[in-house]
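Please examine the structure shown below.

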Amino acid sequence: IGLTDASGAPLTNKRVYIYLQGVDIAGDAVTSGSSLQDKTTDNGGMVRFDLTPGLYVIRIGDQYTYNIPLESGKMTLWDGTTVTFQSP
């Protein structure tokens with residue numbers, strides 16, 4: 001996962017937590033259980049998680065972002081607002 005701020009600068013030395021995304025009884029997106037993995041971004045804003053394709057939640061600090069899709073064979077890039085995919 002590549003993390004940048006809105007201007008495109010990498011988010012360095014940020015602890016990133018990954019959760020499976022689930023749905024509650026009202027149909028709202030929620031985290032499903034405790035975090036699957038957590039790691040710190042490098043000086044390029046990159047962090048690698050070995051996950052299966054699906055829908056995830058990313059937490060940085062106390063900010064949770066829902067609806068982060070991961071696709072097989074693609075790198076997920078997120079700027080805090082928009083998710084894009086890039087071939088490795």
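## Aromatic pair

The model, which is predicted, contains 1 aromatic pair, where rings of Phe, Tyr and Trp (its six-membered ring) pair if their centres lie within 6.5 Å, and planes under 30 degrees apart count as stacked, over 60 as edge-to-face and the rest as tilted. The ring centres of Y19 and Y64 lie 5.9 Å apart and the planes meet at 40°, so the pair is tilted. Y19 belongs to strand β2 and Y64 to strand β5, so the pair ties together parts that are 45 residues apart in sequence. Strands (E, at least two residues) are DSSP runs, numbered from the N terminus.

Y19 is buried at a relative accessible area of 7%, whereas Y64 is partly exposed at 38%. Buried means under 20% relative accessible area, exposed over 50% and partly exposed in between (1.4 Å probe, protein chains only).

## Basis of the model

Local features need pLDDT of at least 70, side-chain atom pairs count only at pLDDT 80 or more, and totals for chains, interfaces and linings use all residues. Residues are numbered from 1 along each chain as its sequence is written, and side-chain values use heavy atoms, with hydrogens and water left out.

## The sheet

An open sheet of 4 strands runs in the order β3-β2-β4-β5 with antiparallel pairing; two strands pair if DSSP finds at least two bridges between them. The edges are formed by β3 (29-40) and β5, each with a single partner strand, so one side of each is left without a neighbour in the sheet.

The antiparallel pairing of β2 and β3 extends over 8 bridges. Q21 stands opposite T31 in β3.

## Nonpolar core

The largest nonpolar core has 12 residues, among them V16, I60 and W78. Such a core is a set of buried Ala, Val, Leu, Ile, Met, Phe, Trp, Tyr and Cys residues joined through side-chain atoms within 4.5 Å. At least two residues of this core come from each of β2 (15-23), β4 (54-60) and β5. The largest share, 3 residues, is supplied by β4.

Leaving aside residues up to four places away in sequence, I60 touches L3, L11, K14, R15, V16 and W78, contact meaning heavy atoms within 4.5 Å. T65, in strand β5 (residues 63-70), is buried at 13% relative accessibility. Beyond its neighbours within four places in sequence, T65 is in contact with Y56, V57, I58 and W78.
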